[in-house]
2 protein chains.
Amino acid sequence: MSAQQLISQLADSARIAGRTLSVSTGAQRKAALNVIADAIEARSAHILAANEKDMEAGRAAGLNSSLLDRLLLTPERIKAIAGGARQVSQLPDPLGNTLRQSTLPNGIELQQISVPFGVIGMVYEARPNVTVDAAVILLMSGNAALLRGSSSAAHSNEVLVSVMRDALASTSISPDVIQLVPSEDRETVKALLNARGKVDLVIPRGSAALIRMVVDESSVPTIETGAGVCHVYIDEFADLSKAVPIIINSKVQRPSVCNAAETLLIHSAIADSFMPTALKALHEAGVILHCDSASLTIAKKIGIPATQATDENFCTEYGTLEINVAVVDSVDAASAHIAKYGTQHTEAIISENKDVVKRFIALADCAAVMVNTSTRFTDGEQMGFGAEIGISNQKLHARGPMGLEAMTTTTWIVTGNGQIRS
Amino acid sequence: MSAQQLISQLADSARIAGRTLSVSTGAQRKAALNVIADAIEARSAHILAANEKDMEAGRAAGLNSSLLDRLLLTPERIKAIAGGARQVSQLPDPLGNTLRQSTLPNGIELQQISVPFGVIGMVYEARPNVTVDAAVILLMSGNAALLRGSSSAAHSNEVLVSVMRDALASTSISPDVIQLVPSEDRETVKALLNARGKVDLVIPRGSAALIRMVVDESSVPTIETGAGVCHVYIDEFADLSKAVPIIINSKVQRPSVCNAAETLLIHSAIADSFMPTALKALHEAGVILHCDSASLTIAKKIGIPATQATDENFCTEYGTLEINVAVVDSVDAASAHIAKYGTQHTEAIISENKDVVKRFIALADCAAVMVNTSTRFTDGEQMGFGAEIGISNQKLHARGPMGLEAMTTTTWIVTGNGQIRS
């Protein structure tokens, strides 16, 4: 069977099984998630044994320690995965909500309600927890899932999917709503990305290269997640006592994630007074500095090491303890820098001047604008969504952290009493 | 200059000019639309002269009368175009609306607001009115517009765009927010569809072939509009006095549009009693019948001409006075037929049984479900949106008729007082 035939078969099976989700109640889906959570804990030893096979193969293949750590499951991590499923089961049902409602002059009633997409494909990398995290979010939002993880986690994913499917067998939801896509070769990914009409949406999760590949090759609609070149702009009207903690938190608290800051912009009116404090604090936190000419002069004056920042620096998502620093003459200049180098993810302004903040927001063009707070708050958990399937970096459909609601689409229910159009 | 360079230049210019929209008030955008409407009326003679050049070229090229009619502008049509712009100016401002709002335990305030996409490309066919209709909807929703119409309407579009741009020169909005993309060759379309990062969204409007091409070739996010194979299902619990008018209205009132019905499904329990009435009414309205075996038998019995319907018939969007007829045994069978042959546009059920209606809705998977009313109501004007840029046939972002709101995306405004993440 070709990869295309295989995906077509899996998608058809998922679509038909999805009907059990279409007609399910929220209580039935919640119950199914709890059954899954129980099964994952009950079959922990089985899951760990499969994971050990992946770990052995990974070590034999010479995977680095960071990749091996992502691949690793432990009894605690399995508990956390089950806990995550229970947490999602406690969120409000995202389906059947009335989003808009009106009665037309001819008596027809309009109601726009939230409904599932149908069949959603996930393409992701080494972490086996994504297999369960994604499946339960999709199941809770009424969607059948085609899960395409990494071949390095093949044994773990296979067992996790079979545990979830076995668990569903005792519920009103068909086990076929969760389908594992084989990961031996890239052909299955390609087939998934081109199953337009069979698969309603594909979401990539992982490296920038993976996301780029999915967005470029997919004829199925996708939601781009990921890249964050985030800026912190310290305005001339900033409360400087807030500025340093926010700069440090944005850069240092977890540099590897997409909502960490990569560039610090400082208004020229406070460059001389504030820049030394900021550069010292960053240097003391172990951050390597890449400075434009104006900030490089100040760095040299106070004896802090720094390199001359290039255009490439300003475009780079470091993911490490490195930061760019530049001086700008106005909020408009800060916005222009951000428009040139940013990735429309998260941009922060530190200012007590409401007009300046308003202008920064109007010109920002990004998923989240932080006003006097850290870029690190662009996060589904932090923002109170309770679960997150990724952070959308695009403008279509969902922007920013995506929870259950982002996994729904809408339908108009138009109820009449025999009306016709004249 | 290559097509790619040209599009890049137009998009950059539109993006920069778009900043005048980002910081504009709703009142300023409304005023700009009225200035445009006035200018279109004032320069009516100029527009008609340009249109006459297109008409001459069209006649010389042997365009058929239907295409020539779409291309034609008259003093009345120009008045209607200006009236459309004024109507859009009276709609509620779609920007800056708060969609969600909450305060987190740490005191941070979350606010999700509607904002423009930025730069939107429109790819469309002969009708020159789309040039103005699209530009004013995009302008009102804060977006800069790259307009790529048909080469057959090149003179008309050029004058319409220059009239709108001249009008904007007297307002706070930069004229460069409206850009005409040259239409001499296909290269400009290809370049537009691949200007990812420069253009935020492309919307095709026109034939199925045009829409397919845009969806297939675009790396810029698109919204698929169009194809409608819509069904009317007459349930065993239908109020039959409503059924015939709804069937006839759905098929006959304007067969060329996407929300017209193409297939009639009748529950087997009422096939013998109701089918003859339905077939007679359709035949008398001039509709050609393509019947499955069960309905063909009835058609023959009552002497109404009909052909045997094939799979191809059931997939076809006729756009003419032709309809398919089939007998189904249950609401589930009706839904299965629709899932197999439908295009997820509009599906109607005629039934007085609430449980059956509920199940039909749950299994429908389409942009709009009509309950005891005509499929022809899936329409932005009819649904009270006041303006429509197209009907989305996809699930991502917008589904069904798209008004001003569908041309916006969102931003999270996260306001703190120095909070950092621990």
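1. **Ground rules.** This is a predicted model, in which local features need pLDDT of at least 70, side-chain atom pairs count only at pLDDT 80 or more, and totals for chains, interfaces and linings use all residues. Residues are numbered from 1 along each chain as its sequence is written, while chains are lettered from A and ligands numbered from 1 in the order in which they are written.

2. **Domains of chain A.** Domain 1 covers 3-225 + 399-415, and domain 2 covers 230-382. These bounds come from an automatic or database domain assignment. The C-alpha centres of the two domains lie 36 Å apart. Four residues of domain 1 are in contact with five residues of domain 2 (in contact: C-beta atoms, placed from the backbone, within 7 Å). The domain 1 side has one nonpolar, two polar and one charged residues. Here Ala, Val, Leu, Ile, Met, Phe, Trp, Tyr, Cys and Pro count as nonpolar, Asp, Glu, Lys and Arg as charged, and the others, Gly among them, as polar.

3. Two packed helices are described by the angle between their axes and the distance between the axes. Helices (H or I, at least four residues) and strands (E, at least two) are DSSP runs, numbered from the N terminus. Axes are lines fitted to C-alpha atoms, for helices over the stretch in contact, and angles run from 0 to 180 degrees between N-to-C directions. H2(A) (residues 26-42) packs on H7(A) (residues 154-168) at about 130°, with the axes 9 Å apart. H2(A) is therefore oblique to H7(A). By the cut-offs, under 35 degrees is roughly parallel, over 145 roughly antiparallel, 65 to 115 roughly perpendicular and the rest oblique. On the H2(A) side, A:Ala32, A:Val35, A:Ile36, A:Ala39 and A:Ile40 meet residues of H7(A), including A:Val163 and A:Asp166. By class, this contact has nine nonpolar, no polar and one charged residues.

4. **Helices H5 and H6 of chain A.** The axes of H5(A) (residues 75-89) and H6(A) (residues 129-140) come within 10 Å and cross at roughly 10°. That angle makes H5(A) roughly parallel to H6(A). Residues in the contact include A:Ile81 and A:Val88 of H5(A), and A:Val132 and A:Met140 of H6(A). The contact has seven nonpolar, three polar and two charged residues.

5. **Where the chains meet.** Chain A and chain B each give 58 residues to the contact. Which element supplies the largest share of the chain B side? S16(B) does, with seven residues. The chain B side divides into 26 nonpolar, 22 polar and ten charged residues.

6. Ten strands form an open sheet with mixed pairing, in the order S1(A)-S2(A)-S16(A)-S13(B)-S12(B)-S7(B)-S8(B)-S11(B)-S9(B)-S10(B). Two strands pair if DSSP finds at least two bridges between them. The edge strands are S1(A) (98-103) and S10(B) (307-308), each pairing on one side only. S1(A) pairs with S2(A) (residues 109-116) in the antiparallel sense over five bridges. There, A:Thr98 stands opposite A:Ile113. S16(A) (residues 408-415) runs parallel to S13(B), joined by four bridges. A:Thr415 has B:Val371 as its bridge partner.

7. **A helix on the sheet.** H14(B) (residues 331-341) lies across S7(B), S8(B), S11(B) and S12(B). H14(B) runs at about 140° to S11(B).

Terms used: Two residues are in contact if their C-beta atoms, placed from the backbone, lie within 7 Å.
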